[in-house]
Amino acid sequence: MIYFTELDKLPLFDVKGEYLGRLEDLFVDPSQNALRVAAYLVKTLKNKLLCITHEQMQSLSVRAGQTSVRAGEIRYYAPDEGFLRVKKDVLDQQIIDVNHRKVVRVNDVDFDIQPSDGHTELRVVAVNVGLAAAIRRLLQGFVAKHTIRTITGVFPTKAIPWEFVNLIEPDSARRVRLRISYDQLAHLHPADIADILEELSRDEQKAVIESLDDATAAQAISEIPTRMQAALLESISPEKAADIVEEMPPDEAADVLQEMPPETSAEVLADMEKEEAEDVRELLGFEENTAGALMTTEYVVVHEAATVEGAIAALRHFEGPPESVPVIYLVNNNAVLTGAVPVARILLAEASMPLKELSPGPLISLQAHADGDSVVDLFHKYNLMSLPVVDEKGYLLGVVTADDVLEFVVNRK
Amino acid sequence: MNRDKFRHFRLRLLIFLTVLGPGIITASVDNDPGGIYTYSIAGARFGYTLLWTLIPITLALIVVEEMAARMGVVTGKGLADLIREEYGFRTTFIIMIGLAVANLGTTIAEFAGLASGMSVLGVSRFLAVPVGALIVWGLVVKGSYRIVEKVFLVACLVYIAYPISCFLARPDWSQALISTVKPSFHFHSSYVYLILAVVGTTIAPWQQFYLQSAVVEKGTKLRDYVFSRWDVIAGCVVTGVVAFFIIVACGATIYASGHRQIRDAADAALALRPLAGHAASALFAFGLCNAALLSACILPLSTAFCVCQGLGLESGVNKRMHEAPAFYWLFTGLVFLGALAVMVLSEAKQIPIIVLSQAANGILLPFVLIFMLRLSNREDLMGRYRNTRLFNAVAWITCVVMIGLTLLMAVSALFPGRIPT
């Protein structure tokens, strides 16, 4: 194992023992091999930059390196955006540790030295974020390398295996060339992705969101504070923003659109599918912190004459989020709310049982202009999981679900 | 249509109010007990003759803070983050150690201010300081810091007492205004020292770190940067205006009385006599304690935040103790060491520590300013928001003057014999 800190400024010699210069950076070429150091950047005494390829490197140690060719055969460095630069792109930068679902800052990079038919290869093993690496960075250059190894041996190291490291590259073209994908990230829980997003700057958030699929992006964005949601969605293209907002629950979508300047939210709405846009527009009409603004328009509703069988069919066809499922609402011919049946009751009843008979006691509902506090009071008093919202005529407008009430209460603190 | 217009107006106002804050809070922390005392002494000893320094100081403050706020909005990263990413671990580590030491000294000065304010009300520092430290610690760790911050800010309105007292004292306004715009200079060593002290207490490294992090935390969008800039300018002007009225009030009262000495809070409170009469001491004590508590909250908090960010440790009040141990220990350590120093050490022994912290601030500031200037000129970071040539000229002149003055200040703080007061 050898650390980047030990390799940094390492003196390098050519095959005849002629001094070349000091090691400046290490390049990985992800299009060839994501683990192997493909080239070594060397700064000569005259401040020229040389680029030694991995086949030209004969041997490497913490003391020095030697090439297998003459100095004249080594070419000068020409900038190449396709290279991942260990010092510039990784060291001291923030990365996402997918395994621990965190954003961390890189203190050092760990390599393995491997002989490979006639030359020496460096392989990236891990990035180091621990105290030992920090102390190594501080002491390097002032204290002999083997002494540093002894000292840092006492302290805990914290290494993140390279395969769990997700680099954050705001430039999308470079992201493609460096083959940076956030596939591993997409498998995390949306709430964990949201925590990671909150740690990043706007450009970095953008990089992550743009490379996630719309549904995952929407779920993750739903979990970050509304103000940050709006800023993030504004910074990406209106089409992509529209795709993401479509996937969000309508009430969340309405909240975030409300935070945006009118021109931008209009643009996003225009780019959305007609049906989804209509749902969101209805919600946009309600004052902030009223039952109308808290409610979602995605819920399960059947005619009051339906039976348990019909309810189960409606549930099967329901495409909305699972938090809207616990209660099924009944309406009459005029779409006026007439009943509410908990799904638990439906599951236990005969298929032919009319739903009307399963609707318990007095029906609790609220008008759209009622304030958020009365919503909270009703949830608290009647131990509700969801609450129907109606207009003056009893027409069912939407449903407030428990998760939205919880969010309202937490945000008010 | 009308409704749309109203909505648009309301939105603009809302954006302004949400963006508003970092600059104003920085300004309020700037007027901490150290600041209040320095301005009071300046007015009491030299009347209006130091007023002219306020305009250049306010301008310098605007130039420096605008740079910090702009970097925060454009890069979305704190100053400590940027220094780490561009200048590596060791440089960041040294700067962060400097910042922690300087801010520990300033925190001690805040608690000393609290002790001094409470002593006017007859409360012993052995009661006032530990209770104050517990309040500060509890509010940040256990309570809702956001709400507390607002309460303190509202309490800062107590500074209005100075302008009112000023008007009631009937100062020579024409002379005060002329002194504000017309530079004058006295080759009196304590006059020079006070200029340095006024500069040092007004422009300090912690502000740039705090302001930039606060702007980032607000999540201000590039499009709304104008509002952020106005917030910063407003904050700087408030700092300058408060200083102006404190100096004029002290000039019209203490200086005019011929006594011209400020040894403790009761002396400084005399400036509020025209407004509050016998209640002047209580009013001054209230203002001093409020300023002390606000600063004693924000300084250790922002220090812990920056140090952890720069060194790549978890930080933030929304994290729990076991998630961000370094952050909470650093904050706790700063608060309690600050309070402990005021309780254990006699006033005479506190002075060397406060002097040392002024020196640390003075040594740190040049580095911070140069880093800021270099970072805010980087095209890859700032794009078209990097400094213009004109701005650079003004900023470099400001920085060079600031560096010269603060170095002079640091030297005179460490070797007090050279500039006798």
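Reply: Let us begin with helix α7 (residues 190-198) of chain A, in which A:Ile193, A:Ile196 and A:Leu197 are buried. A residue counts as buried if 20 or more other C-beta atoms lie within 10 Å of its own, exposed if 12 or fewer, and partly exposed in between, with C-beta atoms placed from the backbone. Helices (H or I, at least four residues) and strands (E, at least two) are DSSP runs, numbered from the N terminus. The model is predicted: local features need pLDDT of at least 70, side-chain atom pairs count only at pLDDT 80 or more, and totals for chains, interfaces and linings use all residues. Residues are numbered from 1 along each chain as its sequence is written, while chains are lettered from A and ligands numbered from 1 in the order in which they are written.

Me: How are paired strands to be read?

Reply: Two strands pair if DSSP finds at least two bridges between them. In chain A, strands β17 (residues 327-331) and β18 (residues 337-342) run antiparallel and are joined by five bridges. A:Leu330 stands opposite A:Gly339 in β18(A). The hairpin of β17(A) and β18(A) has five residues between the strands, and A:Ala335 there takes a positive phi near 65 degrees.

Me: What is the order of the strands in the open sheet of four strands?

Reply: The order is β1-β12-β13-β14 (chain A), with antiparallel pairing. β1 (2-3) and β14 (159-161) of chain A stand at the edges, each with a single partner strand, so one side of each is left without a neighbour in the sheet. Nine bridges pair β12 (residues 108-116) with β13 (residues 119-128) of chain A.

Me: How may the overall form of each chain be read?

Reply: One guide is the radius of gyration, taken over C-alpha atoms; the globule rule is 2.2 Å times the number of residues to the power 0.38. Chain A has 30 Å, whereas a compact globule of 413 residues would have a radius of gyration near 22 Å. The C-alpha atoms of chain A fill a box of roughly 95 × 45 × 40 Å, taken along the principal axes. Chain B has 19 helices and zero strands. Its radius of gyration is 21 Å, close to the 22 Å that the globule rule gives for 421 residues, so chain B is as compact as a globular protein of that length.

Me: How many residues of chain A are in contact with chain B?

Reply: Two residues are in contact if their C-beta atoms, placed from the backbone, lie within 7 Å. Here 19 residues of chain A are in contact with 17 residues of chain B. The largest share of the side of chain A that touches chain B, four residues, comes from α10(A).
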